[in-house]
Amino acid sequence: MRINRQNYFLLPVLVILLAGLLVCAKKDQKIPITTSSKEAKQAYLQGRDLAEKLRNQDARPYFLAAMDKDPDFALAHLGILQAAISAKEFFNHLNKAVALADKVSEGERLMIETFKAGVDGFPVLAKEKGKKLVQLYPRDERAHNLLGGLYFGTQEWEEAIAEYQKAIAINPEFSSPYNQLGYAYRFLGQYDQAKQTFKKYIELIPDDPNPYDSYAELLLKMGEYDSSIEQYRKALDVDSQFVASHIGIATNLNYMEKHDQALEELDVLYNMARNDGERGAALFAMAVSYVDAGDMEMAIATLKKQLDLDKKNNDVFSISVDLDNEADVLMEWGAVDKAEELYNDSYNLVMNSKLSEQVKENKKIGNLFDQANILAKRKEFAAAEAKADEYLKAVTERNNKNLIRVAHQLYGIIALDKKDYDMALQELEKSNLLNPYNLYRMGLAFKHSDNVENAKEYFKKAANFNALNSLNQAFIRQKANKMLEGM
């Protein structure tokens, strides 16, 4: 499932929550797994084990088998979300899990409600429910792993680490928290701790691909591209169809300026894909590679292929995301009018669909961002700021920290377009600094303020941020390097 680029809270939540939302214990007992079938429960537990190791496509047939034996198996509907091959399938099963929430135990209901709150963009509510789950089941490693994921999703790294460590203390052999613990250390810049954690993760489950993949991503972040590729190849030795590792290798090759080889790697992934979800992932990564190489025409052509896949499957949410992604590339290319048409098409598609009212409300909020950005590029600054105010009001009402950071990003963009560089810096300092484009924007603001040293620092940070498979990184990496060359 691909994710709307403005709903940043979803990026960690979809993976992290699902890794932890798979059965917790109250005191020393497990929450009842509510199902009418022993065979369904057995299949579910097999799927759960694989999903916790992020072997999502391997887990998928077990979750499907569990639902086949018991169509009202709420946790199976929740479990398969991690292995959903399309947004359409994702929302169908999420809605079924929600509809079954009043027919299961309190723990299962809390897990469903926690995940739903995260997807809907209410992280405070999600954390409240996650904390209640931990209070009810304080000796359950999965409850702490879930709460750690909720903190992780709002960039509260220290709190996340504390919960992951509690999960590990309860069950040192439970592999899932080691993965996100390593990433939390990475985001804090504690690379030695991250390395130790990922190596322990590898020791625990050496016959699974994800530990090698996660360690490889740390090495990618550190700029150790050859070593990163070596670890990604180890993951593929375990599972040649592990999608993330093919994409990780391609990302390394992009940063090594070997875009042709990156595209060859992604072509391998596309041709071995088991479903349209994997084919779509390969196409998106190809588009990122083309953007990084400066070939916007091929990037757009590739995104159109992805759009055709989702149209074939009548996957409305994914079609909307495809249109947004193409519009983002057009905005970067300076084709504001064409971008506006696609943003409008994406908005109207969702608003006229049968998607939930909450999805539509999220789309309305995202559309405010797009409108403000377009108005700023047309130098209609008063109107742009009015839209930005609406955006900030909407996300503040939800107390959504991630989207509040996006609001500051928006104000920073407008200030840059106005050439109000002091205001741009004030706003961008409060934006999401895990978005390399915001680092580049800060470099621009410092440069135009004649603060050469700070400009160099932020251009270097942006160019070497080494994000995995990121359009935002691809948009600005070469630009940042050119800025450095000219300073």
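The model is predicted: local features require pLDDT of at least 70 and side-chain atom pairs pLDDT 80 or more, while totals for chains, interfaces and linings use all residues. Residues are numbered from 1 along each chain as its sequence is written, and side-chain values use heavy atoms, with hydrogens and water left out.

**Overall architecture**

- The chain contains 26 helices and two strands, taken as DSSP runs (H or I of at least four residues for helices, E of at least two for strands) and numbered from the N terminus.
- For 487 residues, a compact globule would have a radius of gyration near 23 Å, and the 22 Å of the chain agrees; the radius is taken over C-alpha atoms, and the globule rule is 2.2 Å times the number of residues to the power 0.38.
- The C-alpha trace spans about 65 × 45 × 40 Å along its principal axes.
- Of the 487 residues, 61% count as buried.
- Contacts (heavy atoms within 4.5 Å) between residues at least 6 apart in sequence join residues at least 24 apart in 59% of cases.

**Nonpolar cores**

- A nonpolar core is a set of buried Ala, Val, Leu, Ile, Met, Phe, Trp, Tyr and Cys residues joined through side-chain atoms within 4.5 Å.
- The largest such core has 70 residues, and Y44, F73, L78, F90 and F91 have the most contacts inside it.
- Apart from that core lies another, of 68 residues, among them F242, A250, L266 and L444.

**Helix α10 (residues 176-187)**

- From first to last C-alpha, α10 reaches 18 Å, close to the 16 Å expected for its twelve residues at 1.5 Å a residue; the expected span is 1.5 Å times one less than the number of residues.
- The buried residues of α10 include P177, Y178, L181, Y183 and R186.
- After α10 comes G189, whose phi is positive, near 80 degrees.

**Helix α15 (residues 259-272)**

- The 14 residues of α15 should span 20 Å at 1.5 Å a residue, and its end C-alpha atoms are 20 Å apart, which agrees.
- H259, A262, L263, E265, L266 and L269 are buried in α15.
- These residues cover an arc of only 155 degrees around the axis, which puts them on the same side of α15; the arc is that of the directions from the helix axis to the C-beta atoms.
- On the other side of α15, D260, E264 and N271 are exposed (over 50% relative accessible area).
- The buried residues of α15 pack against α13 (225-238), α14 (243-255), α16 (276-292) and α26 (471-485).

Terms used
Buried means under 20% relative accessible area, exposed over 50%, partly exposed in between (1.4 Å probe, protein chains only).
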